[in-house]
Amino acid sequence: MKNPVYWVVLTGISIAFIQQGLPVRSQGESQSDNKQMDNITIRQGETLFLSCSQGDLVTHTAWLNRSSILYAGEDKWCVDPRVSLVTLNQDEFTIKIEDVDVTDEGQYICAVQTRSRPRTTSVHIIVQVPPKIVNLSKDLVVNEGSNVTLMCLANGKPEPAIVWRMLSPSDDSLSSDNEVLEIPFISRYRAGVYECTAANDIAVDTQTVELTVNYPPSVSDGRDVGVTLGQRGVLQCEADAVPEADFEWYRDDRRIFNGFDGIEIEDAGGLSKLTFFNVSEADYGNYTCVAINKLGSVNTSIVLYGPGAVQDGNSGTSTVFTPTCLLLIVLLQLLLKF
């Protein structure tokens, strides 16, 4: 005798088993018990256990996913290796699905055929997916004054909420509850690290974008330096620029190079130093520092002067008062008294 073969006929959620060689009861003659369980919510990647009670006088039993049979008794009908039988006895029929994915979402039915009538239990499975940022703007380098658009797209279930914020330096005024962050006419003060956060009820995913803003150099006012003959003198020039500025030093219209006449030029980041190791009379005078990058250049003048000169601030010029000048000033004051 061949092994019994049974088919599952679905009409809504009514299920009747038809065993080969046995009379088939018509739908109008059948009576069935149908039970709908509460929805089950599970996270992607977890293991799902589906169980239903058997009861006495059970002849056939099966677990179905929509229109596909997963297990009919001990016989596995699906080819998915993640699905396996856990328990099958007179009291319980349990299967499990490992590493659940969104494709496993839907209605599952446990169908039990007793000697008198079929009984079904159905449950709807909802698969939640943690958020994952799938499309993020790459690190950007822009020029000051440009319009900048940062984009952040994420998947997840429930659909994740997207939030942009300026992370470093922190600036709460620059944020967006949208997938797109618009920064019109960007300034150097908006350069930094921006964070995109995608969050739903399951988890949070964050990624960052670094935004670099290029701008032309600006220099601090040159500070004039007084040095005695034979002593060491240092002129300093400080520039703020992105990318970092290159420096050039000039005396009148002549460029000064490192090692020229015993002069040393040392550049470190945004600071350039012009060092005289043994100041001579010929070294006194006006020097120009030029800071240059690809967006522009700027210069400042610095005076190296001796102890007999009096400076009028940081203008880069000096006024020298000789003994003859001092005598004329005294005589002029005496004449004004009469």
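**Aromatic contacts and overall architecture of the predicted model**

Phe276 and Tyr287 are both buried. Phe276 belongs to strand β25 (residues 271–276), whereas Tyr287 belongs to strand β26 (residues 285–293), so the pair ties together parts that are 11 residues apart in sequence.

A further ring takes part in an arrangement with a charged residue. Arg188 lies over the face of Tyr215, at a distance of 3.9 Å from the ring centre.

With regard to the overall architecture, the protein chain contains one helix and 29 strands. Of its 338 residues, 35% are classed as buried. The accessible surface of the chain amounts to about 20,000 Å², and carbon and sulfur atoms contribute 50% of this area. Among contacts between residues at least 6 apart in sequence, 62% join residues at least 24 apart.

The confidence of the prediction was also examined. The mean pLDDT of the protein chain is 82, and 81% of the residues reach 70 or more. Over residues 1–31, however, the pLDDT is below 50, and this stretch has 55 contacts in the model beyond near neighbours in sequence. Residues 313–338 likewise stay under 50, with 19 contacts beyond four places in sequence. Where pLDDT is low, the predicted coordinates should not be read in detail.

Terms used:
Residues are numbered from 1 along each chain as its sequence is written. This is a predicted model: local features need pLDDT of at least 70, side-chain atom pairs count only at pLDDT 80 or more; totals for chains, interfaces and linings use all residues. Side-chain values use heavy atoms; hydrogens and water are left out. pLDDT is the predictor's confidence in each residue, from 0 to 100. Contact means heavy atoms within 4.5 Å. Helices (H or I, at least four residues) and strands (E, at least two) are DSSP runs, numbered from the N terminus. Buried means under 20% relative accessible area, exposed over 50%, partly exposed in between (1.4 Å probe, protein chains only). Accessible areas come from the Shrake-Rupley method with a 1.4 Å probe; for residues, only the protein chains shown count as cover. A charge sits over a ring if NZ of Lys or CZ of Arg is within 6 Å of the ring centre and within 35 degrees of the ring normal.
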